[in-house]
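Please read it alongside the sequence and the structure.

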Amino acid sequence: MRILYCSSEALPYAGSGGLADVAGSLPHTLCKKGEDCRIVMPLYGTISQELRNTLNFITNFTVPVAWRHQYCGLFWARWNDCTYYFIDNEYYFKRNALYGFYDDAERFAFFSRAILEMLPYIDFHPDIINANDWQTALVPTYYYLFYSKNPWYANIKNIITIHNIQYQGEYGWEVNTECVGIPKSDEYLLEMNGNLNFLKGAIETAVRVTTVSPSYVSEIRDPWFSHGLDPELNLRYYKLCGILNGIDVDNYNPETDPNVYANYSLNNMAGKAECKRKLQERLSLEQRADVPMVAMVTRLVSHKGLDLVRMGLEHLMNTEDMQFVILGSGDAEYEDYFRYMQNKYPGRICACIGFIPELARKIYSGADIFLMPSKAEPCGLSQMIALRYGTIPVVREVGGLRDSVHDSMDGFGNGFTFRNYDTADMQNAVRRSLQGYRDHDGWQQLIERAMKSDNSWSRSADDYINVYRDTLNWD
């Protein structure tokens with residue numbers, strides 16, 4: 001199959017979150033499995049000069065943007081045997097960040113239209129175009145309105161993948177006149193609650209709608225999770241499909257990871273104890289091998305479950321022999337709270353405000369327990385990384401956390417879970433993990449099950465291939 005994977009970010013060229021990890025891993029895995037999957041993304045100003053030096057110019061053309069046409073340059077490069085295409089317009093993309101600008105609607109309307117306009121120039125006629133999130137959600141809408149009846153574009157199937165339904169690309173209708181350019185007679189495709197909504201249009205016009213975990217498919221049909229899109233999703237439920245994301249198991253490998261203090265494997269776990277000792281030393285925690293270390297690596301925002309942590313951590317620290325480490329940045333109220341807790345419990349709590357990738361690896365490898373009490377979590381990658389490093393996750397049963405972490409109460413799970421968004425339930429799950437830690441033999445068995453969990457992209461890619469093949473048979 002010929003698959004064009006459309007993403008506003010992709011590693012190693014540009015990234016701000018989980019989408020870049022997915023776009024930088026899934027297409028490569030599909031290529032390894034014999035599919036011709038190519039990536040298209042903007043040529044951002046933040047891309048390093050070293051990577052820019054590997055780009056090859058193809059051509060330039062103009063792209064319709066509502067009532068005007070804009071310049072578009074087209075480049076390509078190869079990375080790990082996968083082809084990347086780059087959409088160039090310095091006015092839109094030569095900036096010091098990827099998102100957060102007043103004209104994001106115009107920037108990504110241009111990008112979405114440019115993706116379709118570039119196809120005749122690259123000698124690549126895709127069978128599947130897989131758009132991702134609101135930034136490329138106009139691709140299926142534009143295809144449906146302006147390209148589907150063009151013989152050259154015939155028989156292309158469009159898929160939209162929703163990574164986080166909270167971000168929908170919702171704007172006032174003046175954006176249509178100035179940037180999007182949908183005819184008046186077709187505005188109903190993007191209309192929701194009186195506004196223009198990029199993602200809603202994609203749900204209407206794409207052949208299939210995928211999400212990043214099976215549980216998230218059910219959740220986004222519920223008003224609690226859908227951020228207003230549940231009527232549209234329930235009306236088109238037959239399009240929905242959930243595929244759990246994976247991680248790069250070669251990159252996240254405790255046996256070879258250069259960022260951990262000591263390498264280790266299932267056959268020789270001695271290095272994990274050294275990782276914990278060195279991490280305690282670096283973070284000025286008490287040097288004790290017997291105390292369980294609970295860790296979080298997260299954005300400090302409410303939907304990550306930090307309200308539960310704020311209400312329950314102090315009681316846990318007063319009643320349990322444990323250490324707590326958190327790495328992340330975000331809302332000031334949470335940053336201040338964790339600084340306060342570090343000062344109140346010196347040697348037992350460390351708050352690392354900011355994000356330091358190499359320290360994140362050291363926490364994944366050095367901690368004993370990894371806490372993710374999320375209010376919402378479409379997929380989550382941190383729990384998969386923790387499992388890979390033999391650090392036992394404690395998670396709320398939501399989204400991809402429910403699909404990848406199963407409670408060890410039955411003797412077969414790989415972590416500890418709780419269902420309700422409730423402080424007492426979270427505390428109970430943490431306490432069960434602390435009790436499990438003190439059962440040395442049982443804990444080693446749990447670590448073994450965790451490290452044997454298959455969260456590879458190979459598994460996920462097989463599921464995507466099945467969905468792609470099935471989609472080709474849809475009318």
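Thr211 sits in strand β11, residues 208–211. Strands (E, at least two residues) and helices (H or I, at least four) are DSSP runs, numbered from the N terminus. This is a predicted model: local features need pLDDT of at least 70, side-chain atom pairs count only at pLDDT 80 or more, and totals for chains, interfaces and linings use all residues. Residues are numbered from 1 along each chain as its sequence is written, and side-chain values use heavy atoms, with hydrogens and water left out.

**Thr211 site**
- Thr211 counts as buried because its relative accessibility is 1%; buried means under 20% relative accessible area (1.4 Å probe, protein chains only).
- Leaving aside residues up to four places away in sequence, Thr211 touches Ile162, Tyr216, Val217, Ile220, Cys241, Gly242 and Ile243. Contact means heavy atoms within 4.5 Å.

**Six-stranded sheet**
- Six strands form an open sheet with parallel pairing, in the order β15-β14-β13-β16-β17-β18. Two strands pair if DSSP finds at least two bridges between them.
- β15 (349–353) and β18 (416–418) are the edge strands, each pairing on one side only.
- On average, neighbouring strands of this sheet are turned by 15 degrees against each other, direction ignored. Axes are lines fitted to C-alpha atoms, for helices over the stretch in contact; angles run from 0 to 180 degrees between N-to-C directions.
- β13 (residues 293–297) and β14 (residues 323–328) run parallel, joined by five bridges.
- Met296 stands opposite Ile326 in β14.

**Helices on the sheet**
- Helix α13 (residues 306–319) packs on the sheet and touches β13, β14, β15, β16 (369–372) and β18. The direction of α13 makes about 155 degrees with that of β14.
- Helix α15 (residues 357–366) lies across β13, β14, β15 and β16. α15 runs at about 145 degrees to β13.

Note on methods. Buried < 20%, exposed > 50% of the residue type's maximum accessible area, 1.4 Å probe, protein only.
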